[in-house]
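Dear colleague,

Please find the structure below, handed over together with my notes on what was found in it.

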Amino acid sequence: MKAAAAAAALKDDRDDHRKMDRHITMFHLAVAVGTADIQFVERVFVNVVEPIATALAYEQRMRGYVSDEIDKILRVREDNLDSLSETQQILQVSSLAQLMALLHHSLNTNARAHLVINNSIDISLNLYAPPSTCLANPLSSLKHATDSSDTQMPVGLPVFRPYHTLLLLIDPDDVLVSLPVDANPLLIEFIRIVNPTQCFEELQSTLDCSLSQIYRLAAHLIHWQKAKIIDVIHARNMYVVNPDADLSRIEDLAIEFSREFSG
C-alpha cells in the first residue's frame with residue numbers, strides 16, 4: 001500500500017511539474033542538413049524552418065499546442081526503455097511528431113510539403129521557392145488573391161503582360177489535386193481553362209475578373225513551380241526545336257497537342 005501511495009505521489013509530482021512548465025516562453029526548432037552549402041542552408045531556413053516556427057509559435061501562444069505535444073512525448077520517453085518502440089509510440093500519440101515525420105518525407109520526396117498544424121493552420125512549403133517572393137509566406141492565404149485593389153506583384157517573379165499566357169508544367173488534374181481543400185474557387189477555374197493559346201487578356205474576359213487578379217493567380221502557380229510564363233502559341237509564330245527533343249515521338253506528340261489545344 002505504501003509503495004502504491006509513493007508511486008501515486010511521484011506521478012502527481014510529475015504532473016504538477018508538467019503543468020508548471022506548460023506556459024513555455026521559448027522553444028527551438030532544429031533541422032539537420034547534410035550539406036555545408038550555405039545557400040542551401042539559408043534556403044531551408046527561409047522556406048521551411050521560419051514559416052513552421054512562426055506557425056508553431058502562434059499555436060503555442062493561442063492554445064499551448066507545443067507544450068501539450070512535449071508532454072505527450074515526455075510521457076512516452078519516461079515509460080519506455082526500448083528506443084525503437086519509443087519512436088513508434090511517439091508517432092502514434094503526438095501530432096507534432098507526425099508533422100515532423102511528414103515534413104521530412106515530403107521534402108525528401110519532392111521538395112514540397114503541405115501540412116496542417118493542430119487542425120488550425122494550413123501551411124504549404126516549397127524548399128526551392130524564391131526567397132524574395134512575398135508568396136513564400138505560407139500564412140498568406142490565396143483566399144485574398146482576388147482582391148482587385150492589390151496590384152503589387154511579388155519581387156522575383158517575371159513581368160506579366162496582357163499578351164502573355166501561362167503554360168502548366170504538369171497535367172491540370174494533378175495541379176487541382178495538390179491544392180488545399182479551401183483553395184480559391186477562381187484559382188480552380190483558372191487552372192481548368194488556362195491554355196497556351198489564350199492570352200491573359202482573353203482569360204480576363206472568360207473569367208470575368210481583372211488582369212491584376214489573373215496575374216496574382218499566375219504568380220501563385222509559378223511560385224509553386226506548377227507553371228511558367230510564355231508568349232501565346234500561334235501558327236504565325238516561329239519556333240525552334242530543342243536540340244535535346246526526342247523527335248521519334250513527333251507524330252504522337254502532334255496528335256496529343258491537337259487534342260489538348262484544339263482551339
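A salt bridge is counted here when a side-chain nitrogen of Lys or Arg lies within 4 Å of a carboxyl oxygen of Asp or Glu. Please bear in mind that this is a predicted model, in which local features need pLDDT of at least 70 and side-chain atom pairs count only at pLDDT 80 or more, while totals for chains, interfaces and linings use all residues. Residues are numbered from 1 along each chain as its sequence is written, and side-chain values use heavy atoms, with hydrogens and water left out.

Salt bridges

The structure holds three salt bridges. In one of them, R77 pairs with E86, with 3.8 Å between the closest N and O atoms; E86 counts as buried, at 16% relative accessibility. For these labels, buried means under 20% relative accessible area, exposed over 50%, and partly exposed in between, with a 1.4 Å probe and protein chains only.

Another salt bridge joins E59 to R63, whose closest N and O atoms are 2.7 Å apart. These residues are four apart in helix α2 (residues 38-63), and therefore separated by about one helical turn. E59 is buried at 0% relative accessibility, whereas R63 is partly exposed at 42%. Helices (H or I, at least four residues) and strands (E, at least two) are DSSP runs, numbered from the N terminus.

K72 and E69 form a salt bridge as well, with the closest N and O atoms 2.9 Å apart, and both lie in helix α3 (residues 65-79), three residues apart, which is about one turn of the helix. Here K72 is partly exposed, with a relative accessible area of 29%, and E69 is buried at 2%.

Helix α9 and the cores

Helix α9 covers residues 211-223, and its 13 residues should span 18 Å at 1.5 Å a residue, which agrees with the 18 Å between its end C-alpha atoms; the expected span is 1.5 Å times one less than the number of residues. Twelve of the 13 residues of α9 are buried, so the helix is largely enclosed by the rest of the structure. What covers these buried residues includes the strands β2 (121-126), β3 (164-168) and β4 (227-231), together with the helices α6 (172-178), α7 (185-193) and α8 (200-207). After α9 comes Q225, with a positive phi near 55 degrees.

A nonpolar core is a set of buried Ala, Val, Leu, Ile, Met, Phe, Trp, Tyr and Cys residues joined through side-chain atoms within 4.5 Å. The largest such core has 24 residues, of which F160, L166, F190, I191, F200, I214 and L221 touch the most other members. Two or more residues each come from β3, α7, α8, α9 and β4, and α9 gives the most, with seven. Apart from this core lies another, of 20 residues, among them Y65, V66, L99 and L115.

Surface

V241, L247 and I250 make a nonpolar surface patch of about 300 Å². V241 lies in the loop between β4 and α10 (250-260), and counts as exposed at 55% relative accessibility. Patches are made of residues with over 30% relative accessible area and no salt bridge, where like charges are joined within 9 Å and nonpolar side chains (Val, Leu, Ile, Met, Phe, Trp, Tyr) within 5 Å; accessible areas come from the Shrake-Rupley method with a 1.4 Å probe, and for residues only the protein chains shown count as cover.

With best regards

Definitions and conventions:
Contact means heavy atoms within 4.5 Å.
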